[in-house]
Protein chains: 2
Amino acid sequence: MDERVPRDFETLRATILERRQSLPKRIAQIAAYALDNPDDIAFGTAASIAASAGVQPSTLIRFAQQLGFDGFTSLQLVFRERLRERNSSYDERLAALRAKAEEGAGHRAIFDGFVAASSTSLNDISGRLNEDHFEDAIALLAKAETIYVLAKRRSYPVASYIAYALGKLKIRNQLIESAAGLNAEMISFASPRDAVIAISFSPYAPAAIEEARVISEQGVPIVAITDSSFSPLAQFAKVWFEVAEADFAGFRSLSATMALAMALTVAVGEKRRDAGRKRKA
Amino acid sequence: MDERVPRDFETLRATILERRQSLPKRIAQIAAYALDNPDDIAFGTAASIAASAGVQPSTLIRFAQQLGFDGFTSLQLVFRERLRERNSSYDERLAALRAKAEEGAGHRAIFDGFVAASSTSLNDISGRLNEDHFEDAIALLAKAETIYVLAKRRSYPVASYIAYALGKLKIRNQLIESAAGLNAEMISFASPRDAVIAISFSPYAPAAIEEARVISEQGVPIVAITDSSFSPLAQFAKVWFEVAEADFAGFRSLSATMALAMALTVAVGEKRRDAGRKRKA
DNA sequence: GGCAATATGAAATAATAATTCCAATCCATA
DNA sequence: TATGGATTGGAATTATTATTTCATATTGCC
């Protein structure tokens with residue numbers, strides 16, 4: 001007990017991670033369990049925790065001792081303290097954030113700001129998603145041969161995630177990228193039997209708008225995700241969604257757009273699976 | 001024990017308030033204490049709580065019995081459960097949505113699921129961001145000549161957003177992409193005066209890990225965003241963040257990672273501005 | 001492959017904590 | 001103010017739980 005014993009959870013966590021390599025098998029097992037189920041450690045008895053983790057109570061005590069505690073009980077105190085702090089400070093933290101962000105102080109405030117912006121955006125979209133539009137968009141995309149994904153600059157991350165997800169769902173798709181300068185050719189392959197997911201927010205990237213125009217003139221239906229009815233994207237789209245992302249420090253959140261994009265993608269995948277099943281039956 | 005015993009904290013609270021008038025003095029005393037210090041009830045022992053409340057342990061037990069519990073222990077369980085639920089209410093909501101989606105309950109459920117997964121992730125990260133690590137990461141990145149951004153597959157959208165934001169903030173950066181197959185060369189330019197933001201989640205893309213290894217061997221400091229202490233990325237990183245993203249329908253949310261990434265980026269921008277101002281003054 | 005050091009399992013033991021019991025006190029009512 | 005019932009305090013008892021111990025197994029090393 002003369003060594004410096006971790007007194008708060010974060011230190012404890014760090015200590016465990018640091019020593020992980022050198023811990024014996026069973027001790028490592030309980031170490032992993034502790035980090036995964038901190039609540040169980042906080043409330044359980046040595047016997048119950050040991051059983052859940054698949055070890056003997058004595059191992060649990062040895063684990064505590066290796067960390068410098070004099071027994072399981074003192075180790076448990078750290079886990080309990082963590083729960084206490086977490087719950088008591090939540091409301092206070094939220095109030096403090098607003099004040100802090102106002103006076104532009106501290107990096108933590110920046111982080112909290114982005115979290116708040118994301119939460120706000122999610123909260124907002126969950127209340128105003130138009131379900132009819134959503135169904136229309138899914139139907140439209142589900143019958144497409146190839147789904148083209150079109151987005152530039154700020155929206156590009158969303159496009160790349162859609163492309164990734166479509167790929168994982170084995171849905172043919174094409175991300176319209178500008179690297180090789182072959183976008184025009186890529187677009188020219190699109191036919192009315194395909195479909196496009198286009199994403200653009202103010203200030204609308206000119207390239208994205210132009211490509212959307214061209215592709216819609218080829219008769220390819222477009223599902224658009226954009227930020228207002230005045231968006232140039234909306235006029236080219238068969239179906240469009242309005243997503244209002246909150247911003248912080250000059251950067252808008254992408255969380256609502258991401259959530260909508262993922263939902264569209266997965267719903268399309270599901271619809272296709274159902275259609276395939278029906279065709280067989 | 002045949003009466004209906006309060007099984008959740010809210011019911012218990014209501015019951016206590018209702019009967020408050022008719023309770024004997026000492027019992028009322030412990031009742032007031034319980035509502036004022038629910039955490040103490042959750043964590044303490046009968047003796048310690050009784051002492052804090054200024055009563056005898058036996059009174060505490062009588063109090064529990066008057067409420068219909070068969071002893072202090074069962075009363076305490078309600079207080080403990082309350083602490084647990086505080087943390088897991090989002091999780092439960094998410095679990096309910098997952099179950100719904102499983103049984104094929106409409107496309108709206110899919111959308112709600114992704115929104116819930118994102119909210120959960122944000123909620124989670126806001127409580128467990130390590131501020132010291134955060135500051136370390138900012139300091140490390142702020143003094144880098146070039147910031148390299150490394151992420152593959154699912155994490156790639158985050159990387160592309162970071163690159164976009166760094167660009168807007170006029171911070172020199174290089175996204176390590178695989179399109180042209182020149183990654184090795186790109187990486188070889190990195191020096192210890194640069195820094196890397198690397199992002200990878202289980203199952204870790206082998207290319208990402210390998211590139212992180214090489215670049216760290218060149219002495220370039222790495223800031224990693226990953227999902228567990230067992231991540232191979234963690235071992236190469238100077239600073240690393242654990243982000244637990246909730247998943248839905250097989251796709252994990254990116255919202256927490258995005259929020260952290262944006263906060264890092266903007267904070268680095270701010271730190272550089274401050275440093276520049278100081279130099280001039 | 002054999003030996004020492006280390007780790008683990010299981011049961012015995014010690015410690016701690018909950019509960020019960022009974023005498024003392026309080027309080028309302030006659 | 002006397003009396004019965006309810007309430008309370010505090011110690012005794014019982015239970016639960018943590019810890020220790022020791023025999024057995026495993027691991028690393030020569």
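**The loop that holds a cis proline**

Author: In this predicted model, Pro203(B) has its place in the loop of chain B that runs between strand E3 (195-199) and helix H11 (206-217). The peptide bond that joins Ser202(B) to Pro203(B) is cis, with an omega of about -5 degrees. In chain A, a cis peptide bond likewise joins Ser202(A) and Pro203(A), and its omega is about -5 degrees; Pro203(A) is placed in the loop between E3 and H12 of that chain.

Let us stay with the loop of chain A, where Tyr204(A) also lies, between strand E3 (195-199) and helix H12 (206-217). Tyr204(A) counts as partly exposed because its relative accessibility is 22%, whereas a buried residue would have to be under 20%. If we set aside the neighbours within four places in sequence, Tyr204(A) touches Ile209(A), Thr226(A), Asp227(A), Ser228(A), Ser231(A) and Pro232(A).

Chain A has 14 helices and seven strands, and of its 281 residues 52% count as buried. Among the contacts in chain A with a separation of 6 or more, 69% are between residues 24 or more positions apart. The chain exposes about 13400 Å², of which carbon and sulfur atoms supply 51%.

Arg153(A), in the loop between strand E1 (147-151) and helix H10 (156-168) of chain A, has a phi near 50 degrees, which is a positive value in a residue other than glycine. Arg153(A) is exposed, since its relative accessible area is 53%. In chain B, Ala249(B) sits in the loop between strand E6 (247-248) and strand E7 (251-252), and its phi, also in a residue other than glycine, is positive and near 50 degrees. With a relative accessible area of 46%, Ala249(B) is partly exposed.

Finally, on the surface, a patch of negative charge gathers residues of both chains, namely Asp8(A), Glu10(A), Glu81(A), Glu85(A), Asp132(B), Glu135(B) and Asp136(B). Helix H6 (72-88) of chain A and helix H8 (131-142) of chain B each supply at least two residues of the patch, and H8(B) gives the most, with three. Glu85(A) lies in helix H6 of chain A and counts as partly exposed, because its relative accessibility is 48%.

Key:
Residues numbered from 1 in each chain as written. Chains lettered and ligands numbered in written order. Predicted model: local features only at pLDDT ≥ 70, side-chain atom pairs only at ≥ 80, totals over all residues. Heavy atoms only, no water. Patch = residues over 30% accessible without salt bridge, like charges linked within 9 Å, V, L, I, M, F, W, Y side chains within 5 Å. Areas by Shrake-Rupley, 256 points an atom, 1.4 Å probe, with all protein chains shown as cover. Salt bridge = Lys/Arg side-chain N within 4 Å of Asp/Glu carboxyl O. Lys, Arg positive; Asp, Glu negative; His and termini not counted. Charge placed at Lys NZ, Arg CZ, Asp CG, Glu CD. Helix = DSSP H or I, 4+ residues; strand = E, 2+ residues; numbered from the N terminus. Buried < 20%, exposed > 50% of the residue type's maximum accessible area, 1.4 Å probe, protein only. Contact = heavy atoms within 4.5 Å.
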